[in-house]
Amino acid sequence: MASLRLSSLAARGVVASAVSRPSPVAVRGFSTSLTRRQNDPATSADSKKPTFAIASRLKDGRALALDVWSVFNAANLPQDCINLGQGYMNFPPPVWARDAAEEALRSVEGNHYAPAKGRLRLRKAIKQFYGTQFGKELDPETEIVVTSGANEGQYAAFTAFIEPGDEVIIFEPFFDQYLPSIAFHGGKCVYVPLHPSSEPAPNVKIGKQSWTIDFDELRRAVTPKTKMIVLNTPHNPVGKVFTRAELEGIAKIAEEHNLIVMSDEVYESLVFDGLEHVRIATLPGMWERTITVGSAGKLFAATGWRVGWLVGPPSLIGPTTAATTRIVFCSNTPMQEAAAAGLEQARERGFFEQQLAEYEERRGVLIDAFEKLELEYAWPEGSYFILLDISKVRWPKNYTFPATIEGRGRDFKASWFIANEIGVSSIPVSEFYCEEHVAIGENYARFAFCKDLDTLRRAGERLQRLREYLV
Ligand SMILES: Cc1ncc(COP(=O)(O)O)c(C=O)c1O
């Protein structure tokens with residue numbers, strides 16, 4: 001079965017195009033000349049093509065390496081594979097929010113540039129949505145900027161504050177966009193790994209408590225060049241919700257060393273088990289040094305809208321607005337209207353409560369499957385991801401993997417094997433680590449539960465077959 005699947009991959013060009021971490025020196029029209037004969041007419045045509053040196057920041061930002069999303073892409077996996085890899089939903093955003101985008105498209109204004117800092121309606125809706133959660137009402141003119149997804153907002157904040165050589169502390173495993181966004185500005189990522197817990201999670205047999213910070217490691221990571229700490233709660237991919245005590249510990253270090261904190265809270269509406277979502281910006285002294293990141297994509301099952309925002313003091317939001325204005329100028333107008341309508345109506349419709357209950361049920365389906373399978377996993381306190389310990393998964397010795405998988409962490413092989421032979425795709429977690437710490441991530445695969453119940457139930461049933469491949 002494996003070799004059959006492999007040959008079909010070769011036919012689709014997946015195997016042949018495999019590049020593990022290519023060197024970005026110079027590209028001659030993505031030359032294939034090494035495999036062609038000298039007198040091949042295509043070769044002489046290729047040799048006439050101009051050569052351009054690629055900026056080294058692409059290599060520094062891992063942008064030339066074949067990324068995990070391209071490897072574990074539906075097009076490379078068997079057609080009937082259930083996709084729990086990439087974190088996008090297989091259900092639509094609420095119709096009452098989508099209607100606002102349609103209405104905007106029917107108007108003249110709704111098809112034109114938005115103000116660089118975002119449509120006033122959306123900034124007012126963000127203000128109303130957060131109310132006094134930041135310990136004060138937000139000023140939509142100076143304390144909120146709308147961006148093209150959280151991603152671009154974070155990129156703009158790095159543009160505004162990171163000079164070449166500045167160090168930015170990020171916790172591992174990390175959302176993979178942080179690394180290129182920092183590296184593209186000449187910043188240096190300093191990695192502080194979170195540590196898996198071996199303590200049992202409450203009320204289950206196999207699940208383990210969430211991962212923890214070693215504060216000595218965090219303190220050692222700070223140098224005179226440190227400018228910023230990037231924090232993500234609820235966390236992708238661990239599913240961790242940082243506790244108030246942990247955030248107080250981080251805040252203390254940030255204050256002592258005069259650091260900016262970028263608090264990525266895009267999963268703010270997905271905090272389970274009655275846990276508290278603490279915003280580090282609300283801790284004493286932290287408002288003035290914190291940029292809080294939000295995303296309409298995550299709040300409204302609308303990752304394709306590409307609408308996000310940043311909240312913070314004018315001293316941080318002003319320069320970031322200046323940067324975003326020169327990066328994208330402004331964000332997509334009709335989808336800002338959809339996000340505004342979403343935020344305006346969500347509370348009275350009980351949308352977030354209902355969505356949370358639905359996600360809790362979805363989470364339960366995967367947890368049951370992993371408990372039955374008796375494979376350890378990190379109890380997901382928030383977000384829509386579960387980390388499964390795949391260190392016990394073994395595949396036949398003669399099993400063949402495409403070149404895109406060879407040379408990567410063991411988790412790439414395990415996830416590939418599970419996707420192809422069990423029929424459920426996941427994301428190997430070593431991708432979310434620096435080279436030196438890959439060995440920690442190699443033991444885990446990330447499964448996303450932002451899918452409908454039927455899909456998750458089918459995935460859970462299929463995953464039971466993994467038992468045959470456990471040691
Ligand atoms: C932790 C984290 N931050 C930011 C983003 C990007 O959000 P957006 O789609 O709004 O750019 C994601 C998306 O997966 C994420 O997981």
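**Exercise 1. What share of the 471 residues in the protein is buried?**

Buried residues make up 45% of the 471 residues in this protein. Keep in mind as you work that the model is predicted. For an overview of the fold, the protein has 17 helices and 14 strands.

**Exercise 2. Find out how the radius of gyration of the protein fits a compact globule.**

Step 1. A compact globule with 471 residues would have a radius of gyration near 23 Å.

Step 2. The protein has 23 Å, so the two values agree.

**Exercise 3. Is helix H15 largely enclosed or largely open?**

Step 1. Locate H15 at residues 410-422, a run of 13 residues.

Step 2. Check its span: from first C-alpha to last, H15 reaches 17 Å, close to the expected 18 Å.

Step 3. Count the buried residues. A residue is buried if 20 or more other C-beta atoms lie within 10 Å of its own. In H15, 11 of the 13 residues pass, so the helix is largely enclosed by the rest of the structure.

Step 4. Look at some of them: the buried residues include Phe 412, Trp 416, Phe 417 and Ile 418, and also Asp 411, Asn 420 and Glu 421.

Step 5. Follow the chain onward. Just after H15 comes Gly 423, with a positive phi of about 90°.

**Exercise 4. Describe how H7 packs with H12, and how H14 packs with H17.**

Step 1. Know what to look for: two packed helices are described by the angle between their axes and the distance between the axes.

Step 2. Take H7 (residues 149-161) and H12 (residues 314-327): their angle is about 115°, and their axes are 8 Å apart. That makes H7 roughly perpendicular to H12. Their crossing is right-handed.

Step 3. Find the residues that meet. Among them are Tyr 155, Ala 156 and Phe 161 in H7, and Pro 319, Ala 323 and Ile 327 in H12.

Step 4. Now turn to H14 (residues 351-373) and H17 (residues 453-463), which pack at about 5° with axes 9 Å apart. H14 and H17 are therefore roughly parallel to each other. Their meeting residues include Arg 362, Val 365 and Leu 373 in H14, with Leu 456, Gly 460 and Leu 463 in H17.

**Exercise 5. Which is buried and which partly exposed: Ala 301 or Ser 383?**

Step 1. Start with Ala 301, a residue other than glycine whose phi is positive, near 50°. Its loop runs between helix H11 (296-299) and strand S10 (308-311).

Step 2. Ala 301 has 19 other C-beta atoms within 10 Å, so it is partly exposed.

Step 3. Ser 383 is not a glycine either, yet has a positive phi of about 65°. Ser 383 lies in the loop between H14 and strand S11 (385-389).

Step 4. Ser 383 has 29 C-beta neighbours inside 10 Å and therefore counts as buried.

Methods
Residues numbered from 1 in each chain as written. Predicted model: local features only at pLDDT ≥ 70, side-chain atom pairs only at ≥ 80, totals over all residues. Helix = DSSP H or I, 4+ residues; strand = E, 2+ residues; numbered from the N terminus. Rg over C-alpha atoms; globule rule 2.2 N^0.38 Å. Buried ≥ 20, exposed ≤ 12 C-beta atoms within 10 Å, placed from the backbone. Expected span 1.5 Å × (residues − 1). Axes fitted to C-alpha atoms, helices over the stretch in contact; angles between N-to-C directions. Parallel < 35°, antiparallel > 145°, perpendicular 65-115°, else oblique. Left-handed = near helix turned anticlockwise from the far one by under 90°. Contact = placed C-beta atoms within 7 Å.
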